Amino acid sequence: LTNDADSDSQEYELIVDLPTPDVVITTDPPNTDTLIEGTYIDLICTVTISSAIDIDIYLNVGIEWSRNGNAPLTNTSDYTISPISFISNQYISTLRIEELILSDNGATYSCSASLQPSLLFGFIRGSNGNSSITLTIEEEPLVCEDGDVRLVDGAIEQEGRPEVCFNGIWGSICRYSWNTIDSYVLCKTLGYDGPSPISYTYYSPFGSGDVPVVWNYVRCQGWEQDINDCSKTLYPSFSCYSTYYVVGVTCKESCVDNDVRLVGGDFNNEGTVEVCFGNLWGLISQDGWTEEDAKVICNQIGYKRGIAQPKYDSFYGKPKKTIHLRNVNCAGDENSFSECTKTRLSLYSGKLEQANTVVAGVDCIYDEPTEPPCIEN
């Protein structure tokens, strides 16, 4: 402000301060309080500008990353910094730490944002904002043996999201190039030798899980006995577009419709009844289960003499398998269980009923005698 004593006029110097940007750092995977050595993490810096100024025209926004207050980070083998993207009134930059190491425990990563006018208006002053995050990293736990394979989060034991052990931790498999042949070999690895497994490669019903994606571009030929023998790309030499792109599998078994077997008993002549449909072993609801039904089961598996005793209330246990049948009605003289009337459930319905259904069992008494009781003299 200037004031001329000999004049009635006054001159003002107008200074406009740009709004201070709101800077927030989030992580992907989200809500990660403790990180594991050897994994990666994305730090996402979101810069929000609330202003009536048309920021597309008037503002230049710069974003820099630094570690422990040192010089700005650049793209290296350790760090990948994405180009700044613009969505609505937000500018976003992502810093990927390619492999977390123990020396990063307690390190502070900062994101600094600067706003400057895109034209040289002397009366407009820039502004700055920043945010920081401190990492907590633990030594990598060995929770599995490299090469181990499992299915998780399925309603039945033959299905789920495949996870493989990689560098001592469980990880999932990305969908790119995954097909039925890959699923077939994976199922063989787990002991399922049936034909035509079901593959899920997009928004699998078994979820994305909370483990890193460690395999991609798996390519099996079909002759392999173990999925580990197939060619593949290993983390971190790939990117998977989304964790929703992890694969899922329903494995099939080498049984045919109306095959029966007993499981869970102490002897071969007793156990929970399993019946096969659609190349999957499943269970029978005890609703309507009778001695006649039990007799036909014993006949079919080779125990044709003696007493067939039905067992109730999941007496020999209930495997995590679909409910195939209910309301079984046998006369008792059938040679095969296929001749009995029964209500067959779809795979979808059977999985829904699995949790709340008690299942049928059988004891084919006297066909394979047990040890006699001790008699004291």
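**Exercise 1.** In this predicted model, work out which cysteine is joined to cysteine 187, and describe the link.

*Solution.* Start with the sulfurs: cysteine 187 forms a disulfide with cysteine 251, at an S to S distance of 2.0 Å. Next, look down the S-S bond: the torsion is -85°, a left-handed link. Then place the two ends. Cysteine 187 sits in helix α2, while cysteine 251 is in the loop between β21 and β22 (260–264), so the pair links distant parts of the chain, 64 residues apart.

**Exercise 2.** Find the handedness of the disulfide between cysteine 174 and cysteine 240.

*Solution.* The sulfur atoms of cysteine 174 and cysteine 240 lie 2.0 Å apart. The torsion about their S-S bond is about 80°, so this disulfide is right-handed. As for cysteine 174, its relative accessible area is 0%, and buried means under 20%.

**Exercise 3.** Where in the chain do cysteine 298 and cysteine 364 lie?

*Solution.* First the bond: a disulfide joins cysteine 298 to cysteine 364, and it is left-handed, with -95° about S-S. Cysteine 298 belongs to helix α3 (residues 291–300) and cysteine 364 to strand β28 (residues 361–365), so the pair ties together parts 66 residues apart in sequence. Cysteine 298 counts as buried at 3% relative accessibility, and cysteine 364 is buried too, at 0%.

**Exercise 4.** Is tyrosine 203 buried, partly exposed or exposed?

*Solution.* Locate tyrosine 203 in the loop between β18 (198–200) and β19 (213–219). Its relative accessibility is 49%, so it counts as partly exposed.

Definitions and conventions: Residues are numbered from 1 along each chain as its sequence is written. This is a predicted model: local features need pLDDT of at least 70, side-chain atom pairs count only at pLDDT 80 or more; totals for chains, interfaces and linings use all residues. Side-chain values use heavy atoms; hydrogens and water are left out. Helices (H or I, at least four residues) and strands (E, at least two) are DSSP runs, numbered from the N terminus. Buried means under 20% relative accessible area, exposed over 50%, partly exposed in between (1.4 Å probe, protein chains only). A disulfide is a pair of cysteine sulfur atoms within 2.5 Å.
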